[in-house]
Amino acid sequence: MKRDTCTLRGHGVHTGTRVTVRLHRTEEAVTFLRRRTRIPARGAYVVDTHRATVLQRDGAQVVMVEHLLAALHIHGIWSGLTIETDADELPIFDGSARPWAEALTSLGPFPAPPPFL
């Protein structure tokens, strides 16, 4: 069964902040939504990798995106998803990509990735 949204809650590993993340099906490329700013999940928006991968655009940032990006890659998801977070740092959960992968699976199939040229 295909769902339109999935909500996850956890704590940031560096800040300890309680975080709510909502995965929304969309018609666009994979994008993070933080403080009304859309941050594409692309290398051009990586601003730091010292202790965690940080994506940033127009003053808004999302930290600790590695495990979620790994789950997206494993599932071949390149479009059809907006990731909305109420904190700068994503939750660590168990330290793996598994909770993210399970959440993505609960949303059902996504569009096929673009063919490689």
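Q: Which hand does the crossing of α1 and α2 have?
A: The crossing is right-handed, meaning the near helix is turned clockwise from the far one by less than a right angle. This is a predicted model, where local features need pLDDT of at least 70, side-chain atom pairs count only at pLDDT 80 or more, and totals for chains, interfaces and linings use all residues. Residues are numbered from 1 along each chain as its sequence is written, and side-chain values use heavy atoms, without hydrogens and water.

Q: OK, which residues make that contact?
A: On α1, His-67, Leu-68, Ala-71, Leu-72 and His-75; on α2, Trp-100, Ala-101, Leu-104 and Thr-105. Contact means heavy atoms within 4.5 Å.

Q: And by class, how many are nonpolar, polar or charged?
A: Six are nonpolar, three polar and none charged. Ala, Leu and Trp are among the types that count as nonpolar.

Q: What's the angle between α1 and α2?
A: About 50°, with the axes 8 Å apart; α1 covers residues 66–75 and α2 residues 98–106. Axes are lines fitted to C-alpha atoms over the stretch in contact, with angles from 0 to 180 degrees between N-to-C directions. The two are therefore oblique (under 35 degrees is roughly parallel, over 145 roughly antiparallel, 65 to 115 roughly perpendicular, the rest oblique).

Q: Switching topic: how many helices and strands are in the chain?
A: Two helices and eight strands, counted as DSSP runs (H or I, at least four residues, for helices; E, at least two, for strands). Along the sequence the pattern is β-β-β-β-β-β-β-α-β-α.

Q: How much of the chain is buried?
A: 43% of the 117 residues, with buried meaning under 20% relative accessible area (1.4 Å probe, protein chains only).

Notes
Buried < 20%, exposed > 50% of the residue type's maximum accessible area, 1.4 Å probe, protein only.
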